[in-house]
Amino acid sequence: MVHVGIGYDVHALVEGRRLFLGGVEIPHTHGLEGHSDADALLHAITDAVLGAVGEVDIGHLFPNTEPAWRDAPSRIFLEEAARRVTARGGRIVNIDASLVAESPKIFPHIAQMKERIASALGIHPGKVGVKATTNERMGFVGRREGIAAMAVAAVDIPEAMPGATH
Ligand code: MG
């Protein structure tokens, strides 16, 4: 049975931080503010995968009060989400995601992002979609105050045995 999950994340753009999106460091004047490396794209995908298997969200699994996650690479969050899929005998069918950013240009980095995401999830890069759009200069994204990301995940989970309650 295929289950779907949805994820959304946003982080503020600030000076003095490196910018990580989709596991790729992108040269830019600003980076995303957050406790970990603040990779909004990986966070959205992590939540999508967790949601597909009915787990709690990334903020509860990896609280921003935990010193261990300070400046942590968000790849470890994605790897943990994938591990929870495997623990249920599940298999990630595909991931799709959109970044909403006024700048920098995302497209040149998308192929590498797909590789990094696929590698963290243990799936083929062809199963990972990443797109980018601007917010047409409107709102907080349009004012370059932050970057948003949304994602969906499809996860194939074995049917419960006949007679099981769930
Ligand atoms: Mg986040």
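Me: Two strands pair if DSSP finds at least two bridges between them, and a strand is a DSSP run of E of at least two residues, numbered from the N terminus. Which residue is the bridge partner of Leu99 in β7?

Reply: In β7 the bridge partner of Leu99 is Ala149. This is a predicted model, in which local features need pLDDT of at least 70, side-chain atom pairs count only at pLDDT 80 or more, and totals for chains, interfaces and linings use all residues. Residues are numbered from 1 along each chain as its sequence is written, and side-chain values use heavy atoms, without hydrogens or water.

Me: What makes strands β5 and β7 a pair?

Reply: β5 (residues 91-100) and β7 are joined by 9 bridges in the antiparallel sense. The definition asks for at least two bridges, so they pair.

Me: How do you know that β1 and β7 pair?

Reply: β1 (residues 2-15) and β7 share 11 antiparallel bridges; Gly7 stands opposite Ala151 in β7.

Me: Why is Asp9 called buried?

Reply: Asp9 has a relative accessible area of 15%. Buried means under 20%, exposed over 50% and partly exposed in between (1.4 Å probe, protein chains only), so Asp9 is buried.

Me: Why is Val10 called partly exposed?

Reply: Val10, in strand β1, has 34% relative accessibility, so it counts as partly exposed.

Me: What makes Asp9, His11 and His43 donors of the magnesium ion?

Reply: Donors are N, O and S atoms within 2.8 Å of the metal (3.2 Å for Na, K and Ca). Asp9 (OD), His11 (NE2) and His43 (ND1) lie 2.1 to 2.2 Å from the magnesium ion, so they are its protein donors.

Notes:
Helix = DSSP H or I, 4+ residues; strand = E, 2+ residues; numbered from the N terminus.
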